[in-house]
Amino acid sequence: MTKIAIVYTSLGGLIQTMKKEFARAMPGCTLINIADDSLIREVMEEGAVTEGVRERMMHYFQAAANCNPQVIVSACSSVGEVAEEADQKWGIPVVRIDHAMIEKALEEGNRIGVLASLGTTMEPTVSYIRRLAADRGREVQVVGKVAEGAYEANARGETAVHDARIAQAAKEIQADADVIILAQGSMARMEEELRRQTGLPVYSSPRLCAEEIQVMCEKEG
């Protein structure tokens with residue numbers, strides 16, 4: 001039976017979203033969920049990934065690898081570079097949740113809009129976009145916008161406030177973008193609505209990540 005391990009830095013609704021997307025993309029697969037919400041709190045407090053966060057993330061990736069999954073998913077874009085480090089260690093692929101989303105966005109144009117509900121996600125996401133574009137021999141323009149307070153509102157259960165702030169942020173960058181990506185997986189429910197509001201392709205990470213893992217597992221047999 002196919003096993004997928006997912007490492008989370010929060011205990012929010014993304015866990016249920018990922019369960020739903022993997023059930024759709026890979027019916028019957030077993031998910032191993034490892035979550036520590038102190039990780040994202042420390043990143044938010046310090047404004048960056050600390051050495052302590054890196055060490056704990058590597059510990060959790062090691063624990064995930066010990067379960068012998070086919071793939072490990074890092075479900076937080078703010079710690080994406082730690083996932084890339086882990087990918088080199090155990091012979092088990094460690095995939096960033098935002099990888100497939102960014103690859104999809106690069107198919108849509110050279111002006112990539114990035115919406116984030118958490119400021120610490122912006123720099124890692126923009127850096128990753130530029131590196132993946134460079135791998136394709138391309139230069140891209142990236143316009144980013146943090147919807148201030150949206151993440152905190154979502155954590156308090158104020159979904160209407162979260163969604164309104166995300167929608168306003170999208171409105172502010174839509175004229176400068178060919179495509180918009182949603183930097184937090186927790187923003188996935190806004191994908192269709194933002195497409196309608198902006199008239200642009202809009203992508204979130206959970207569905208595309210699950211589909212990417214499905215393809216990887218099929219190729220491995």
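**The whole chain**

Start with everything shown: for 221 residues a compact globule would have a radius of gyration near 17 Å, and the chain has 16 Å, which agrees (taken over C-alpha atoms; the globule rule is 2.2 Å times the number of residues to the power 0.38). What you have loaded is a predicted model, where local features need pLDDT of at least 70 and side-chain atom pairs count only at pLDDT 80 or more, while totals for chains, interfaces and linings use all residues. Residues are numbered from 1 along each chain as its sequence is written, and side-chain values use heavy atoms, with hydrogens and water left out.

Turn the model along its principal axes, and the C-alpha atoms fill a box of roughly 45 × 35 × 30 Å. Switch to cartoon and you get ten helices and eight strands (DSSP runs numbered from the N terminus: helices are H or I with at least four residues, strands are E with at least two).

**Stop one: the β2-β1-β3-β4 sheet**

Select these four strands: they make an open sheet in the order β2-β1-β3-β4, with parallel pairing (two strands pair if DSSP finds at least two bridges between them). β2 (30-35) and β4 (94-96) are at the edges with a single partner strand each, so one side of each has no neighbour in the sheet. From one strand to the next, the twist averages 25 degrees (axes are lines fitted to C-alpha atoms, for helices over the stretch in contact, and angles run from 0 to 180 degrees between N-to-C directions).

Zoom in on β3 (residues 71-74), which is joined to β4 by three bridges. Click Val73 and you'll find Val95 of β4 opposite.

**Stop two: the β6-β5-β7-β8 sheet**

Next, select another open sheet of four strands, ordered β6-β5-β7-β8 with parallel pairing. Its edge strands, β6 (141-146) and β8 (202-203), each pair on one side only. Pick β5 (residues 111-116), and you can trace six bridges to β6; Gly113 stands opposite Val143 there. Helix α5 (residues 99-106) packs on this sheet, touching β5, β7 (179-182) and β8, at about 175 degrees to the direction of β7.

**Stop three: the pockets**

Which residues lie nearest the centre of the largest pocket? Select Ser10, Ile40, Tyr151, Gln184 and Ser186, out of 25 lining residues. α2 (38-46) and α7 (150-155) are the elements that give two or more residues to this lining. The space there is about 400 Å³. A pocket here is an open set of points on a 1 Å grid over the protein atoms alone, where a 1.4 Å probe fits, with protein on both sides within 12 Å along at least five of seven lines; lining residues have an atom within 4 Å of a point. Points are joined across faces, edges and corners, and a volume is the space filled by probe spheres set on them.

Finally, move to the second largest pocket, with about 290 Å³ of space. Among its 17 lining residues, Thr17, Lys20, Ala188, Arg189 and Ser204 lie nearest the centre. α1 supplies the largest share of the lining, four residues.

Notes. Contact = heavy atoms within 4.5 Å.
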